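Work through the exercises below with the structure open beside you. Try each task before reading its solution.

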Amino acid sequence: MSPFNAANNLFGTETLRIHLRVSQNKEETNPPLSMSLPPATTPVPQPIFMPGMSHAAESPAPAPAPTSAPSAIPTQPQGDETPSDKNQDTSSSGTSLPRLRLHVQDIAHPGSSIFLSSVNAATVLSSSIESIHKQLYSQAPSSPPPTRSVTLILRDMDGVAYTTGSDLDSDHKEIHFSLRYISSIAPSSRQSAEINGVLLHELVHCYQWNGQGRAPGGLIEGVADWVRLQCDLAPPHWSREQIPAKWDVGYQGTAYFLEYLEDRFGKGTIRRMNEKLRNERYEEKAFWTELVGGPIEQLFEDYKKTLLKGE
Ligand SMILES: [Zn+2]
């Protein structure tokens, strides 16, 4: 039943061995693993979830021959061109950063110029990772998955975005972001924040735990949007008042519920939940009872009552 088995090995070790350097190589990205996923967009929860992926747009097609040289913008002063695994790059605030790459598959696409003029890719990626660390890994013993590189691929595709491990190694992540979607963001004053929000959501998938592949997809998507919510990047169409059909409906519906749990059980509740998803295989009843003292369904009923009362 669970679609997560295939990714039980998503996060193998606790050792964080990551780098950042300028990437200007011309090698083509390997085509991602072939997967069939239903169409989905940011606000629409998808019925099927595959760990490490979200906002599935289409079965990733083999990457076409490069039409333009991949580009990358450094986020840090460049050090060793061939860093060893022992060297870690850190952000100005001390967060360990993976190697970050930007790959624009079609520089002539209108979405490409919107992206490049709306955000500084280096800044937005590194600051998003810092935000994720702040929300999910700010206190020991919480520790993130050993993500070693993140390649952001801008390409013409349906949907919004999705994240996957690379062919070679699930510690190397690829975020595929739709140029068509970027070019459709309206009004133009929303472009920067929406790009930032989608990237943050996808980056959470590069850095979250999944209960050894057993956590509900809606919870995984909810955590990603919860981080987006904490960073004040909720798009205007999200509504806190809307009553979700179920607690793990995913996306903003679950994100607001997680926000309720954080309010009710104290700051750090979601961080501790994510940490618990690192340490153990997700078994719903025991998981929530151990974490917050009761079954999640009961908490969801309590939550719905607060919504009905307009609290
Ligand atoms: Zn997602």
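Predicted model: local features only at pLDDT ≥ 70, side-chain atom pairs only at ≥ 80, totals over all residues.

**Exercise 1. The whole chain**

Task: State how many helices and strands the chain has, and what share of its residues counts as buried.

Solution: 
- Start with the secondary structure. The chain holds 9 helices and 6 strands.
- Turn to burial. Of 311 residues, 56% count as buried.
- Take the surface next. The accessible surface is about 13,400 Å². Carbon and sulfur atoms contribute 51% of that area.
- Finish with the contacts. Take those with a separation of 6 or more: 74% of them link residues 24 or more positions apart.

**Exercise 2. The sheet**

Task: In what order do the strands of the 4-strand open sheet lie, and which strands are at its edges?

Solution: 
- Read off the order. The 4 strands run β3-β4-β6-β5, and their pairing is mixed.
- Pick out the edges. β3 (99–104) and β5 (161–165) each pair on one side only, and they are the edge strands.
- From one strand to the next, it averages 15 degrees.
- Look for the helix. α4 (residues 191–207) lies across β4, β5 and β6 (172–178). Its direction makes an angle of about 155 degrees with β6.

**Exercise 3. Strand β3 and its partner**

Task: Find how many bridges join β3 to β4, and say whether the two run parallel or antiparallel.

Solution: 
- Count the bridges. There are 6 between β3 and β4 (residues 149–155), and the two strands run parallel.
- Leu100 has Val150 in β4 as its bridge partner. Arg101 stands opposite Thr151 in β4.
- Check the cover. β3 is an edge strand, yet 5 of its 6 residues are buried.

**Exercise 4. Ser127**

Task: Locate Ser127 in the secondary structure, then classify Ser127 as buried, partly exposed or exposed.

Solution: 
- Locate the residue. Ser127 belongs to helix α2, which covers residues 121–136.
- Apply the cut-offs. Buried means under 20% relative accessible area, and exposed means over 50%.
- Classify. Ser127 has a relative accessible area of 31%, so Ser127 is partly exposed.
- Follow the side chain. One of its polar atoms lies 2.8 Å from the backbone oxygen of Thr123.
- Look further along the chain. Ser93 is 34 residues away from Ser127 in sequence, and their C-alpha atoms are 9.5 Å apart.

Methods. Residues numbered from 1 in each chain as written. Heavy atoms only, no water. Buried < 20%, exposed > 50% of the residue type's maximum accessible area, 1.4 Å probe, protein only. Contact = heavy atoms within 4.5 Å. Areas by Shrake-Rupley, 256 points an atom, 1.4 Å probe, with all protein chains shown as cover. Polar contact = N/O pair within 3.5 Å; in protein donor to acceptor, adjacent residues only side chain to side chain. Pairing = 2+ DSSP bridges. Axes fitted to C-alpha atoms, helices over the stretch in contact; angles between N-to-C directions.
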